Amino acid sequence: MNRAERARDYEAYVELCSVVQEMDDFVDAIVVEGVRDKEALEELGVTKEIAMYSVGFSYAGFVDYLMSRYRRVTILTDYDRAGKKLNKRLTASLEREGVKVENRYRDRIGKILCVRGIRNIESITSLTKRF
């Protein structure tokens, strides 16, 4: 990796940390797909609850769990086809039940990651290992 690439990765990491901190201050919870996604966000300093879709709930049960506990969430599923589909479905279900889904954080984080070639949340840690 050359010096310019390293500098771009560092700038992306700093921007990512800033967005994650703002998100952590603003939302009640963050929804992810699995354990590695949760661990990656915790490494970035997330202190709010990180709710994992893959842990023991049916889809309806997961939506009920979220709507009974939170008023404002961010959904950080992966940026692949399946993750985008799950995000769209969860957003519609939660907003129908009165939970505000803050997609601006998903959008901002996605732009930062995708420019660096990262398409899933768990790979955020690879960005930190680049510099």
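Reader: Which residue in S3 does Ile30 stand opposite?
Author: This is a predicted model, and in it Ile30 stands opposite Thr74 in S3. Ala29 also has a bridge partner in S3, namely Val73.

Reader: How many bridges join S1 and S3, and in which sense do they pair?
Author: S1 and S3 pair over three bridges, in the parallel sense.

Reader: And what is the bridge partner of Ile30 in S2?
Author: That partner is Ile50, and the pairing to which S1 and S2 contribute is again parallel, with four bridges.

Reader: What is the strand order of the sheet, then?
Author: The order is S2-S1-S3-S4, in an open sheet of four strands with parallel pairing. S2 and S4, the latter spanning residues 100-101, are the edge strands, each of them pairing on one side only.

Reader: Where does H2 lie?
Author: Helix H2, residues 35-43, lies across S1 and S2, and its direction makes an angle of about 165° with S2. Together S1, H2 and S2 form a β-α-β unit, which is right-handed.

Reader: Switching to H3, which of its residues are buried?
Author: In H3, which runs over residues 59-69, the buried residues are Tyr59, Phe62, Val63, Tyr65 and Leu66. They are on the same side of H3, because the arc they cover around the axis is only 160°.

Reader: What covers them?
Author: The cover over the buried residues of H3 includes strand S1 (29-32), strand S2 (49-52) and helix H4 (81-96).

Reader: Now H5: how far does it reach from its first C-alpha to its last?
Author: Helix H5 takes in residues 103-115, 13 residues in total, and reaches 18 Å, which is close to the 18 Å expected at 1.5 Å a residue.

Reader: And which residues of H5 are buried?
Author: The buried residues of H5 are Tyr105, Arg106, Ile109, Gly110, Ile112 and Leu113. Viewed down the axis of H5, these buried residues fall within an arc of 165°, so they line one face of the helix.

Reader: What about the face turned away from that buried side?
Author: That face of H5 carries Lys111 and Val115, which are exposed.

Reader: Last one: which residue just after H5 has a positive phi?
Author: Gly117 does, and its phi is about 85°.

Methods
Residues numbered from 1 in each chain as written. Predicted model: local features only at pLDDT ≥ 70, side-chain atom pairs only at ≥ 80, totals over all residues. Heavy atoms only, no water. Buried < 20%, exposed > 50% of the residue type's maximum accessible area, 1.4 Å probe, protein only. Helix = DSSP H or I, 4+ residues; strand = E, 2+ residues; numbered from the N terminus. Arc of directions from axis to C-beta. Contact = heavy atoms within 4.5 Å. Expected span 1.5 Å × (residues − 1). Pairing = 2+ DSSP bridges. Axes fitted to C-alpha atoms, helices over the stretch in contact; angles between N-to-C directions. Right-handed = clockwise from strand over helix to strand, strands pointing away.
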